[in-house]
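Dear colleague,

I am passing on a structure for you to look through, and my notes on it follow directly below.

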Amino acid sequence: METESAIQTESIAREFGGFRAVDGVSISVRKGSITGLIGPNGAGKTTLFNMIAGALSPTAGRFRLNGEDVTGLSPEALYAKGLARTFQIPRPFKRMSVLENVMVAPREQAGENLFAALFGRRRIAGEEERLRERALGILDFMTLRPLADQPAGKISGGQAKLLELARALMGEPSVILLDEPAAGVNPSLTNILVERIEELNRRGITFFIIEHDMDFVMRHCEPVIALAEGRVIFEGTAEQARANPLLLDAYLGTVAA
Amino acid sequence: MIGLVSYLAFFATMASILAIATLGLNLQWGNTGLFNGGVVAFFGAGAYGTMLLGGHPETGQFGGFQLPFVIAFPGGVLFAGLIAWIVGVLTLRLRHDYLAIATFGVAVAFEAVTRNAEWLTGGAKGMRGFPRPLEAAIGDNFLYGLFFLGLVLTILVAVYVGLERLAHSPYGRVLRAIREDEVAARSLGKSPARLRLEAFIAGSMIMGIAGGLYTAFYAFVSPQDLAPILTFQVWAMLIVGGAGNNRGAVLGAFLIWAAWTLSGFALSRFAPAALQLHAGSIQYILIGLVIVGMLLWRPQGLLPERIRPTLTGKGAARTSAPGEFQGGQNP
């Protein structure tokens, strides 16, 4: 059963000075799924994400990635194990080109060693050429190719979200966490993003997505998990979510009315 | 005529030495975003390290091993690296202004040690006497000045070429990523702690190179040479030239050193006698004004950092067939 889960948390919790932002959450994200995570503001969604991504350590509980206990590992170690993420507010490397943003992503580049960079340039040149080809391919896929030489600080917020996904893809992750991919993005870019997510999902990548846009969640996420006040209040299909009175009460009440 | 050439050689030697230190700071601040407020400590470590190994022995003082320059100089540079390693391990978790304050404190402490540890550094009177490389063989003072300028320029070019290689390599790229956003860099599997420490040590060793050359040039070093103003001069050079641009760092060093020299000359020549007493302070104020003015009106410097189509960029325009990307590797 464990191997069926890409991500599994066991009673994971996080306190901020007495306040329990996440209060014993046990969830499972099935391999190959696009799982949605919803909940009102302050429900603990981003805190849960940050714990799964290694940016925050849990005060209690355990977390498994593809069946392996990875509780307490750093973000860089988790990335090495195939977990990539994007941020609620995009964090592109602003004073670097879009292409550089993507090329920097793969880990264990031989050229990321000071001595190799000084004295092993020939070997690096070959690696760089392969990276560039792959990065340009991914930028093409994300429709960002025309912006390759632009500073990443000059592209729009929506494009920055696409860029973050492109960057994540360079590491060949098996699981990608997306924090509000559709927030503040114009509809045409959202459509591109959704198409790409579904295409990548068909190729086997598991997605775990925080999203406030209920329309987005209902149409593209299966299953849906809902948090409120740090606890799981619902797990099920989008259809069930729509009909669940508890959810309607806690979250959808005003939206679905 | 010889007087003028000799003076120009002297000027260029000093400017080049400072340009080397500025390049070291550019690796730290321009490329990696490390706010080193104690440049002078690493410059001083290189200077004192070189002097201790290569200088003359003094009674009642440790050091003065009279080692040849080719050993004493690298030894001084390594000493600067060692100090940077210790300081780096202790302070690099700090960010921006806090790191600046901590490193500034380190520099003040370093100067205090050189001033007070007489058994080691000769205290306030400094250390005098250094067998400069090939001095006896060349003999003539004027020719030696030119020779030393050649030596300093060679090292400046070597440092510049090395740093340019780094900047255009994946190493420079990952340093810039850390400078831009450490959280995002970690989410991509990078290890900022290691890379920041490496860049800090490498940059400080380059400052140590500058210090070693400085002490060899004067055959003298004292706590006077380690006043905080040097840190600010080097910062002014980098900010005026353009942080993140190695060419800018060199240009800024020459411009600021020229301005410093000329302002000193002008003050001593034209200022009323009452003001001349304060010439040094006026120059400090001028450096401060240059930094503030530059940050207000042209923060990117005269030669701003260029966003580059990464390395081997000749093929940058090459196209790849659309849809060749095969994402996903999940079993």
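Helix α10(B) is largely enclosed by the rest of the structure, because 22 of its 27 residues are buried, where buried means under 20% relative accessible area with a 1.4 Å probe, counting protein chains only. Helices here are DSSP runs of H or I with at least four residues, numbered from the N terminus. This is a predicted model, in which local features need pLDDT of at least 70 and side-chain atom pairs count only at pLDDT 80 or more, while totals for chains, interfaces and linings use all residues. Residues are numbered from 1 along each chain as its sequence is written, chains are lettered from A and ligands numbered from 1 in the order in which they are written, and side-chain values use heavy atoms, leaving out hydrogens and water.

Just after α10(B), Ala219(B) takes a positive phi of about 50°.

Turning to the interface, 47 residues of chain B and 51 residues of chain A take part in the contact, which is defined by heavy atoms within 4.5 Å. Seven salt bridges are counted between chain B and chain A, each being a side-chain nitrogen of Lys or Arg within 4 Å of a carboxyl oxygen of Asp or Glu; one of them joins the side chains of Glu100(A) and Arg176(B), at 2.5 Å from N to O. On the side of chain B that touches chain A, at least two residues come from each of α7 (141-167), α8 (170-180), α9 (182-187) and α10 (192-218), and the largest share, eight residues, is supplied by α8(B).

With best wishes

Note on methods
Buried means under 20% relative accessible area, exposed over 50%, partly exposed in between (1.4 Å probe, protein chains only).
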